[in-house]
Every structure is written in C-alpha cells, then in structure tokens.
Amino acid sequence: MAKDYIIDIQHLSKSFGGVKVLDDINFYIRKGEFITLLGPSGCGKTTLLRQIAGFIAPDEGKILLEGKDISGIPPYERPLNTVFQRYALFPHLDVYDNIAFGLKLQKLAPEEIQKRVKKMLKMVSMTDYEDRSVDSLSGGQQQRVAIARALVNYPKVLLLDEPLAALDLKMRKDMQLELKEIHRKMGITFIYVTHDQEEALTLSDTIVVMNEGKIQQIGTPTDIYNEPVNCFVADFIGESNILKGRMMRDRRVAFIKHEFDCVDEGFGEDVPVDVVVRPEDIYFTTDPAKCQFTAKVNSCIFKGVHYEMWVDTDTGYELMIQDYDPYEVGSEVMLYIDPDDIQVMHKERTRNVFDGKMVDETHVELIGGVFECKAQADLSAGDEVRAEIRFEDVDLLDHQEDGVIAGEVHFLLYKGDHYHLTILTEEGDHIWVDTNDIWDKGDLVGINFKPRGIKLTKKND
Amino acid sequence: MKKVLAKAYLYLLLAMLYAPLLFIAIFSFTESRVLGNWTGFSTKLYVNLFSGGMNGGSSLLAAVENTLLIALISAAFATLLGTVAAIGIYNLKGRKKAAMQFLNNIPMINPDIITGVSLFLLFVFLHVSQGYATVVLAHITFCTPYVVLSVMPRLAQMNPNIYEAALDLGATPAQALRKVLIPELRPGMISGFILAFTMSLDDFAVTFFTRGTIGLETLSTYIYADARKGGLTPELRPLMTIIFLIVLILLVVMNMRREKMNKTN
C-alpha cells in the first residue's frame, strides 16, 4: 500500500433485507484529496459514506484508515467528522456551543476551545454569530456552522453527505466555491457525496461514479467527462449522444452509418462498440470538404449560453447538438466531428445471457418463467442450458400479466434511432432490450422472448 | 339572533361545567358544616385544614401527603420508562412500530376499573402483598403510556441525524443521550410528567383495588370513605379548591409551553 493513501477500501459489501446495496467496493483515497462519490439516488453512495463514518457496519470487507482497519471501531472513536445533509445542528445549543461540542468532549482547556471556535467561525465567515440560536439562522448559515462544527476537531477526513442539497441554486454555487477554498486552506481530505454531476465536476479532484452498488468509473472530472467508460457514466455526466458503433480497425470507427477517424486503438477489427459524442463536439460547417455527413435541423431551443438542436441525419439517426449559433428548423446542414471528440467504449454486453433448464422440447425455464423456444432436437427435458437472447428479440408488453414474466423499466438510453432499456424483473434479474417504442422509467411491463430468438446451448459438456 | 343563541348555549354549558367547582370554592370560605349554608365569611376551614384541628384529625392531611408522594414517584418513574420506550418505538420500523403504538394506546382507553381489577388479580396471582408499593407500581403502569404519547411527537419532529452527529463528534452513546437527546426531548418529557402527575393525582379505581388492606388512604379513597360515613368533612372544601387551583395552574403552564413550542417551530 502506498504511503499517501489515507483511506483504502477493500472488498466492501453491504445488503439490506436481501438487496445488495454495495457490491465489492474497492478504491483508495489519497491524503488531502477532494473525492466525490457521485451517483443517482439509491446507488449506495450514502451507505458507503455512512460505513466510513461508522454508523453502519459492513457485511464484508475492510476500511483501512492510514493502514489500520477501522471497521470495528465505533463512530465516536474514529478521527473523522461528518457534515450531514440536513445540517443536524443541536437546536438547544447556540452557535458557539454547537461548534465547541466536540472540543468540550475532548476536555480541552476553555481558552484553547475558545481560540479554535473563533478561528473556525472566521473561516466560515460567521464571526458575529456565536450567541445566536441555530434556529434563527438561514439554511446557508446553518450549513456553515455544521461545517465549522465538524472541522474544528481537525479530523483526518471530513465526510460530507449532500451538504448543499437543501440550498437554493445561487447559495449552492457560492457555497461550492467556499467549500473548495476551505479544502485548500485546511488541507484535510474531503469525501463528498452528491447526485449532482455538475457539483461533482466543479469541486472534485477525483470522482467515483457509482450505480447499483458498484463503482462504474474512477477518475478526474475531465477523464470522467471526456472518456466515460460505459453508457451509464456517459449518460449520467452531462449531455451526450450515445450510439451503437463498430470499430472497423484501429483509429477508424463506424456509427450512424458513416465512418469516422478516431483516436482509439486496440479494440480489434470489426468489433461492436458504443460511441459517445458530446453535443458540443458536433460542428457545423459550410465547407463541403470538411463535411462528414449532412442532417436536417428538427428543433432548436435557446438555452441561455448556447442553442440546443436536434437534427435528423441523412442516414436516419437523431443527434443532439449544442452550438452558440442557431440554425433554422428545417434547414439542411453540413456536420463534422473531430477524431479527438469521439469516445469509443467497449460494449458492456451484446446480448442477454441466462442459465436455465429445459422443460420439454419446445419450452425452457429461465429467470422465473417458462418460455417457448424453437424445437430442440438435441436437448431433452431437464437439461441445464445457457440461453442467449439478442436485445431486439425481447418483446415488452403494456400489461404485466400478458408477459411470461413481469418487470419494470429501470434505466433507459436513447441511441440515436432506438432505445436501449434495462428491465428489472420481479425476481431481480436484469434484461436488456432494444426497442423503437417509447417507455418511461418506472413503467411496468410484461416480458416475452421471441421463440426464434432464444439460442440454447447445453451446459457442462 | 343565531349568534346570541350560540353564545348563550356556550355560556350555559360552561356554567354547568364550572358551577359545582365554583360552588365549593365559595362555600370553602364559610364555617357551616352543611354545604350550602352560608354563615358568613371565614377562613377557619383553611386554618383547620393546615393545623389539623378538625374531625378525623391528621388522617386527611396524611391522605394528601400520600397522594402527592405517590403521584410524584409514579410520574418520575413513568417519565423515565416512557421516554426510553418512546425512543425504542421511534427506532422501530413499519408494522412493528404501528403495533407498539397501538399497544401503547390500549391502556389509555381501557377503563380504570378494568386496569384496577386486572392489576389486583395480577398481584394476588404473584402473591405480592398489597400496599404502598403496589399502588405506586400500578400508577407507574397506567401513567407510562401518557409519557410515551407526549415524547413521541418531539422525537418525530427531531432531526434524525442529531444523535449520529453527537456520536460523530466523539460522544459515547451515553453522552449523546445526556447531552443531545434528553435536552431535545425535555419539553415532551415535562409535559408527560405533568400529565402523569395529574393522572395519578385523581385516580380512584386503580388505587382502590391495589392498596390492599393496610389502611393506606389517598385523597380519593379518603373522600370516598368519608362520604360513605355520612356527610363530607367540611375541610375538604378548601382542600378541593386548592387542588383545583393547582391543576388549573399546571394546565395553564402546559398550554403556554405548547404555544411557545409551536412558535419556535
């Protein structure tokens, strides 16, 4: 383990009521770093923070602080402090006593306490507020007191659980700058939890993107934005066009039925990939020599700094473009993309794969349902099989009871000419679906597989 | 016209509610042994009450003393138990929580006489000799749910993170309880204590069934026995007036506290 790691998290897992909230989390935090755990609600980021703070014990794994496992140490003996989401100030104490709470427990000399509290009040620009009751303070002021109360103990690490979520936009922006300034002045390691990607990009040295209890990507804000490793990260951070593509060879990728130069290598030849192009990276041109493809402007909306346009390409794909200049709806435009701005990602999956068992020659039991399949001469009832189903061979039905099994639309991505959906079944399995139909997140659906689309192979021989 | 009728109805109702109390208060300032006979203003009954110079001697004062002491002890214990129970119930989830809150409500709607008889049977079954201790135990039992009921709302409106915040700042669970949780719950605990105190103070049925045969008298059992002997001891009139005033003051204090609490929130 390197010397400058202050926290090292190894194989951390946690389940609540049978649901895995954290699944084998591994990462380290450098001393003095501002690290952000970023993800949608329910991704496990707060659970992770609460485990570091000591309010929840992990099921498995270790949390090392400066090389020592602290998993078994109660929160009041950990040299860490937390800033809570809704401040959690003590209403019966005034501002001074709130901040002095931790120091008094340490039984420091009163002069020392006073010195440190005053210094901290100055740090958060609340010098004249010592005698105020915390209820009389605004949200922003309460948050400052909460930060001072935590920092006054000089913790080795400061944990912040969505500390700005309850503030209005303007206040939030100001506090972001102040937090960054405080971090710089104090030199303490900050672990920050948020679901706001913009906040994460603004504040962090390192971002840990999480989803469904797993780490998706760890990197600097620019890495995460420019080189997302998968569709989830690309979609979650900023706006993006996520498209199905094919790596032709090194530095050459095909998508939206055109071929483009790119900078990625090592994917192999003729390999299916996902491609991300940020909307600000598609450029308009009037030079036919530069033009890579043409499109027709479909809509154009003014967004303050830039215009957001949807265009239909000559090959029938929809793309989002952001530009400082507007283009008239209905006009034909020429477009190009710089090789640098094309981010190629390995496909996380190319088909659904399930393990199952033959019921009879034309039926197979998979993920809690019995599906019809093509007659299988070489398979007999009871055989253990592996089933592969392409994304487009899954049928979604409006009524849950019409499907063999039922599920819920869990995540959706628009890929230029179709939607790629993640369906969470009632049994907790994931099914991925390509469809042209429009569904919303949370829609309840019945699920069926096209009998011809189920490809079965016998297992274990 | 409608308004006048409505007002008249209200005042009539209030008059009927308060007339008996007023009646006793007025007649506590006369010497007549028979209630309703005005024999001129006098504070002799008050003097008698406090000097013990009356028929029945010091037994009335002893009953008052018992009543107050029992109420104090039971309210104190009920406050302790009820607060701990409220914190426990608050930390339960879903169905368990609803079930516990329901169980807590039953003793409050249960008629006193049933509580009294069942406690009596329990003590007999357990071969506990009945007396002062059993009365106190019984009072703690029926007072505790009221404390739970007055502490729960405080817990519900408390920021759930403040206990964790205290731990986070280095307080042990005991310190967090003492320095953060109890101060936060104190208004609810005080309301609960006052409620428990008044409940214990005016209890008759439960006391009657659990006091055993050692001759323990509280105010309510004393008055009951006294009335059965024929005619109420006249000194009860000033006593009741004083008790009424004390309860009135407690009520006003409680209401003022509640208003103050509502204002700060």
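A: In this predicted model, helices α4(A) and α5(A) are roughly parallel to each other, because the angle between them, about 15°, lies under 35 degrees. Helix α4 of chain A covers residues 139-151, helix α5 of chain A covers residues 169-186, and their axes lie 12 Å apart. The crossing of α4(A) and α5(A) is right-handed. On the α4(A) side, the contact involves G140(A), Q143(A), I147(A) and L151(A). These residues meet M171(A), M175(A), I182(A) and M186(A), which belong to α5(A).

Elsewhere in chain A, strands β12 (residues 252-255) and β13 (residues 258-261) pair in the antiparallel sense over four bridges. Within this pairing, V253(A) has F260(A) in β13(A) as its bridge partner. Two residues stand between the strands of the hairpin of β12(A) and β13(A), where I256(A) adopts a positive phi near 40°.

Beyond chain A itself, there is a contact with chain B, to which chain A contributes 18 residues and chain B contributes 16. On the side of chain B that touches chain A, α7 (162-168) and α8 (173-201) each provide at least two residues. Helix α7(B) gives the most to that side, with five residues. The residues on the side of chain B that touches chain A divide into seven nonpolar, six polar and three charged.

Definitions and conventions: Residues are numbered from 1 along each chain as its sequence is written. Chains are lettered from A and ligands numbered from 1 in the order in which they are written. This is a predicted model: local features need pLDDT of at least 70, side-chain atom pairs count only at pLDDT 80 or more; totals for chains, interfaces and linings use all residues. Axes are lines fitted to C-alpha atoms, for helices over the stretch in contact, and angles run from 0 to 180 degrees between N-to-C directions. Angles under 35 degrees count as roughly parallel, over 145 as roughly antiparallel, 65 to 115 as roughly perpendicular and the rest as oblique. A crossing is left-handed if the near helix is turned anticlockwise from the far one by less than a right angle, and right-handed if clockwise. Two residues are in contact if their C-beta atoms, placed from the backbone, lie within 7 Å. Two strands pair if DSSP finds at least two bridges between them. Ala, Val, Leu, Ile, Met, Phe, Trp, Tyr, Cys and Pro count as nonpolar, Asp, Glu, Lys and Arg as charged, and the others, Gly among them, as polar.
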